[in-house]
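Please read the points below with the sequence and the model open beside you, and check each one against the picture as you go.

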Amino acid sequence: MINFKGTMDNFITDALDGICAEASDRPVLCALSGGVDSAVCAVLAHKAVGSRLTCIFVDTGFMRKNEGDNVMSLFRDTYEINLIRVDAEERFLKKLKGVTDPEQKRKIIGEEFIRVFEEEAKKLGKVGCLIQGTIYPDIMESGGDGHKQVKAHHNVGGMPLNIEFESVIEPIKMLFKEEVRDCGRRLGLPESFVNRQPFPGPGLAVRCLGELTKPKLEILREADAIFCGEIEKAGLQGQIQQYFAVLPNVQSVGVRNDERCYEETIVLRAVTTDDFITAKPAILPHELTETIVKRITNGVKGVNRVVYDFTPKPSGTVEWE
C-alpha cells in the first residue's frame, strides 16, 4: 500500500472523509470515463456528497466499441448517479487535426477535457470541485513524486495550468491498479466491472498512431472489439491483465480478391503483470491467434496484416503512446 496504513476499509473511510472535507458544501463534478479508476472515484464521491455530485461522461470519439452506451446504462440506470453525456467527438478531432506527436496529443486532450467540464459546470450554474481518477502509476510515469518522466498522462502532466474549478480532488492518487480494484469491490461495484481492463484517459487516441481521423478510429475500434471478444470467449481474461489492438499507421502490400491491396496493419498487444510497473507479453494459444488474425483481416475493411507485440515493460510501455 502507498501512503496509508491499515486495511482498505480504513482507506475508504479516510477517502470519504477527505472528499467531504475538500468539497465542503460545494457542488462536485466527477470526470467519469467508464474505466475502473474513475468509476471508483464516482462511487466514493456519491457516498461522500450524495446529490451534490454530478458525473460527466465526455464521449470524445476515442472510446471502445459500444463503450458510451454501456457506461450510461451502468451508472445512470443501475447506480442512479446523476450522469451527463457530452458528445464531443467532432470537437476533439478538430483540436487534434494534424497533430502526430503523442505528448502533444495528451496535453491537448487533457486541456480539452478540463474545458468541457468547465463548460458543463457553467451550464449547471455552478463551478465547484472536480474529482478525477488519477492513480499512483499515472503520477510516477508523468515524472511526479521524484520519478523520471516516461509520458505525460492527460490527467497529470497533460493538465492545463489554468482551470476554473476551485479545486481538483484525486481520492485514489496513491493507489496502484490492484488496490483500486480492491477498493471497488468493497464499494460494491460488480466483479465484471472491477476486473475491466485498464483504459487510458485519452482512449483510442493513444492507440491510433499518427494523425487521428474518424475512419482510422473506426478501423481500430472494430479490430479491438474482435481481439478482446476472442480473448474473453477463450476464457483468458483472468490470466491476461491487459489486451488491446493498436493502429500503428503502417500500410503494407497485400492480396485481396486475387488483386494487390495496400492497407493498414493492426498490432495486437497483450500483457501479464502484477502492478503495471513492469509487464511481460502474454503468450496466446496458436489456434486462438489464427482465429483472431483471420477475423480481423477478413472482417475489418482496410486491414490486410496483423502482427503481435512481444515487447516487455521495460523496454516498452504497455501502451504505444
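1. Helix 3 (67-78), helix 7 (177-186), helix 8 (191-194) and helix 9 (214-233) each give at least two residues to the lining of the largest pocket, where helices are DSSP runs of H or I with at least four residues and strands are runs of E with at least two, numbered from the N terminus. Helix 9 supplies the largest share, five residues.

2. A pocket here is an open set of points on a 1 Å grid over the protein atoms alone, where a 1.4 Å probe fits and protein lies on both sides within 12 Å along at least five of seven lines, and lining residues have an atom within 4 Å of a point. Among the 27 lining residues, N195, R196, Q197, E232 and Y243 are the closest to the centre of the largest pocket.

3. The model is a predicted one, in which local features need pLDDT of at least 70 and side-chain atom pairs count only at pLDDT 80 or more, while totals for chains, interfaces and linings use all residues. Residues are numbered from 1 along each chain as its sequence is written, and side-chain values use heavy atoms, with hydrogens and water left out.

4. Five strands form an open sheet with parallel pairing, in the order 3-2-1-4-5, and two strands count as paired if DSSP finds at least two bridges between them. Strand 3 (83-87) and strand 5 (167-169) stand at the edges with a single partner strand each, so one side of each has no neighbour in the sheet.

5. Strand 1 (residues 28-31) and strand 4 (residues 129-131) run parallel and are joined by three bridges, with C30 opposite I131 in strand 4.
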